Amino acid sequence: MSAELTHKNYNKIIRMVCGYFGCILILGMVTLLWYLGFISFDTNKELSSNFDNLFYMNYEVAQLEDTPENDLTKYGYQLFKDTPKFLGPDNEGANEVFSGNRLSCNNCHLNSGTKPYAAPLIGIINRFPQYRGRENKTGTIEERINGCFERSLNGKMLPPTSREMKAYVSYLSFLSRYAPEDGNVTGKGFTTIKIPERAINVVKGEHIYNNVCFRCHGNNGQGVMGANGYTYEYPPLWGNDSYNNGAGMNRVITAAQFIKANMPFDDLYESQKLTDEEAYDVAGYINQMQRPTKPNLEVDFPDLLKKPVSTPYPPYADPFSLNQHQKGPFQPIIEFYKKKHNIKKTK
Ligand code: HEC
Ligand code: HEC
């Protein structure tokens, strides 16, 4: 009887001790996870140094008080969201026309330039000046913005000293204010896909377009104009009001990466993502449709070794046909540059 009692007490003591150490253990683990940044008790995300939280910071320009400097930032935001309203072919203020189509920066740099893997512009200011293969020189942020003006917007360069250019730079600086010094942000650029080892299948691409994309971008790729009459609600994917053939989006690999991570662009998106193969085929389909052509493309990439493999216009520093550079398969071209020049091509 007394032996049984001692045994019971013994068990009780063990349970107490285990419970005690268990608590300490759990507390220790939680502290460690918190210390390593996996969990946060911090409701004010702005205080956290976690990298990915960069995308959850407050990038609302409306929060800024009215000072001349902040007004410039706010103007830059407007130019970014409603580009054609201010600079497009039929702009409101009868400003000089700089963009040749009615796209806005925001149509590709989604959520005002703050969406990861949609070429976000958080940290962009810190990444410039930057070496650019297309010009084979170190370029400024103004030159990079003008790259999108001349190609994505099928227009012409904004003078670097104009109020509009200063406003763009001011807005991009505002977006970059929490970014690390080198501007190297996880989520910059586009996602990567496994590039299928075959040419694009235009028939399959058309099928995907007609089943998935046409609901928003229209049955003829023409998009849907928004209520203000200047800015698209759903931007066009081809035709005269789309990006020109010198644009980054006209490379099949770049477009496939953009589409894979971002389209369809709505609340249902989680359930509707395309496979890599589908993104590749539909990118191929939209990019072989008619669109504006940019003059003087032959002077791009003075060092041809820097040219991305899916650049759809010649000349090239390899023996592959124009057709293959436009439609794939891209693996043989990628392998050629790897073997012959030890260059790793990704787009
Ligand atoms: C049709 C789509 C499209 C539109 C519209 C567009 N861009 Fe871009 N932009 C791109 C693509 C694609 C890239 C990446 C190009 C590459 O990989 O070579 C890019 C890159 C950039 C970059 C460099 C990004 C980086 O991470 O290095 C800046 C800055 C930029 N765009 C600014 C703008 C501004 C400002 C506007 C409006 C005036 C604009 N873009 C309009 C597609 C677009
Ligand atoms: C639910 C509507 C919706 C669907 C479906 C959709 N998109 Fe979009 N897409 C948008 C919106 C909206 C934008 C512009 C985003 C903005 O301005 O905020 C856009 C932008 C784009 C752009 C960049 C801008 C341009 O005009 O070049 C491309 C490319 C694109 N979509 C391709 C596709 C493809 C391919 C599909 C089908 C796989 C697709 N989208 C399906 C709504 C949609």
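Q: Which helix gives the most to the shell around ligand 2?
A: Helix 7 does, with six residues. Helices here are DSSP runs of H or I with at least four residues, strands are runs of E with at least two, and both are numbered from the N terminus.

Q: Before we go on, what kind of model is this?
A: It's a predicted one: local features need pLDDT of at least 70 and side-chain atom pairs count only at pLDDT 80 or more, while totals for chains, interfaces and linings use all residues. Residues are numbered from 1 along each chain as its sequence is written, and chains are lettered from A and ligands numbered from 1 in the order in which they are written.

Q: OK, back to ligand 2. Which residues come nearest?
A: Cys213, Cys216, Pro235, Pro264 and Asp266, out of 27 residues around ligand 2. A residue gets in if its C-beta atom, placed from the backbone, lies within 6 Å of the molecule.

Q: Which helices each supply at least two residues?
A: Helix 7 (202-217), helix 8 (252-262) and helix 10 (276-287).

Q: How does that shell divide into nonpolar, polar and charged?
A: There are 22 nonpolar, three polar and two charged residues around ligand 2. Ala, Val, Leu, Ile, Met, Phe, Trp, Tyr, Cys and Pro count as nonpolar, Asp, Glu, Lys and Arg as charged, and the others, Gly among them, as polar.

Q: And ligand 1, what are the closest residues there?
A: Cys105, Cys108, Cys148, Ser152 and Gly248, with 23 residues surrounding ligand 1. Helix 5 (residues 141-150) gives the largest share of that shell, four residues. The shell divides into 14 nonpolar, seven polar and two charged residues.

Q: Which domains does the shell around ligand 1 draw on?
A: At least three residues come from each of domain 2 (56-175) and domain 3 (202-341). The shell around ligand 2 also draws at least three from each of domain 2 and domain 3. The bounds come from an automatic or database domain assignment.

Q: What about phi, where is it for serine 112?
A: Near 60°, a positive value in a residue other than glycine. Most residues other than glycine have a negative phi, and most peptide bonds are trans. Serine 112 is in helix 4 (residues 110-113).

Q: Is serine 112 buried, partly exposed or exposed?
A: Partly exposed, because it has 18 C-beta neighbours inside 10 Å. Buried takes 20 or more other C-beta atoms within 10 Å, exposed 12 or fewer, and partly exposed is in between, with C-beta atoms placed from the backbone. Asparagine 342, with phi near 55°, counts as exposed because it has 7.

Q: Switching to helix 10. Why say it's largely enclosed?
A: Because ten of its twelve residues are buried. Those buried residues pack against helix 7, helix 8 and helix 11.

Q: And which residues have the most contacts inside the largest nonpolar core?
A: Ile259, Val282 and Ala283, in a core of 61 residues. Helix 6 gives the largest share of this core, eight residues. By definition, a nonpolar core is a set of buried Ala, Val, Leu, Ile, Met, Phe, Trp, Tyr and Cys residues joined through C-beta atoms within 7 Å.

Q: What is isoleucine 259 in contact with?
A: Leaving aside its neighbours within four places in sequence, isoleucine 259 is in contact with Leu274, Ala279, Val282 and Ala283. Contact means that the C-beta atoms of two residues, placed from the backbone, lie within 7 Å.
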